[in-house]
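Student: Could we go through a structure together and ask why each label applies?
Tutor: Happy to, let's look at it first.
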Amino acid sequence: MKIAVVDGQGGGIGSLIVKRLKDEFGDSIDILALGTNAAATTAMMKSRANKGATGENAIVLNVSRVEMIVGPLSIVLPNAMLGELTPKMAEAIVSSGAKKFLLPLNQEGISVAGIEKEPLPHMVEKLVETVRLETGKEK
């Protein structure tokens, strides 16, 4: 299973996701860290992503080469992350045939109705469980 973790700014959310996925699944999954900037990619690589790439072209090219994309909700919003997430990146992510699992964080002034506000670590644990169910891996 090849999973892309997409993040920007300092990469804190993406690095937490990578760490938990690697802790849970080890080498049975291949994680591609896709950062909107070098700091985000570096943070995810330090959390044991298998490979990493940075910038618009890297994201546009690689989201069609994975089976799953995970990250904050803002990765599908043009001009999110203080403008780091370009419209071209958002379009490529949304258009990818990969399954997408997004954390409903309210950093862009967008709230998703029906979603309870939870701390980030709780959302990441639910994300890991969703990936487990999707991949058919037992706990």
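Student: Why is α1 called oblique to α5?
Tutor: In this predicted model, the axes of α1 (residues 12–25) and α5 (residues 120–135) come within 10 Å and cross at roughly 45 degrees. Angles under 35 degrees count as roughly parallel, over 145 as roughly antiparallel, 65 to 115 as roughly perpendicular and the rest as oblique, so α1 is oblique to α5. The crossing is right-handed, meaning that the near helix is turned clockwise from the far one by less than a right angle.

Student: Which residues of α1 and α5 make the contact?
Tutor: Contact means heavy atoms within 4.5 Å. Among the residues that make it are I13, L16 and R20 of α1 and V124, V128 and R132 of α5. The residues of this contact divide into 10 nonpolar, 1 polar and 4 charged.

Student: What makes G71 buried?
Tutor: Buried means under 20% relative accessible area, with exposed over 50% (1.4 Å probe, protein chains only). G71 has 1%, so it is buried. G71 is found in strand β4 and touches V6, I17, F101, L102 and L103, not counting residues up to four places away in sequence.

Student: How do you know that the buried residues of α4 line one face?
Tutor: In α4 (residues 87–95), M89, A90, A92 and I93 are buried. Seen down the axis, they fall within an arc of 165 degrees, so they line one face of the helix. The face turned away from the buried side carries the exposed residues K88, E91 and S95.

Student: How are residues numbered, and what pLDDT is needed?
Tutor: Residues are numbered from 1 along each chain as its sequence is written. Local features need pLDDT of at least 70, and side-chain atom pairs count only at pLDDT 80 or more.

Terms used
Side-chain values use heavy atoms; hydrogens and water are left out. Axes are lines fitted to C-alpha atoms, for helices over the stretch in contact, and angles run from 0 to 180 degrees between N-to-C directions. Helices (H or I, at least four residues) and strands (E, at least two) are DSSP runs, numbered from the N terminus. Ala, Val, Leu, Ile, Met, Phe, Trp, Tyr, Cys and Pro count as nonpolar, Asp, Glu, Lys and Arg as charged, and the others, Gly among them, as polar. The arc is that of the directions from the helix axis to the C-beta atoms.
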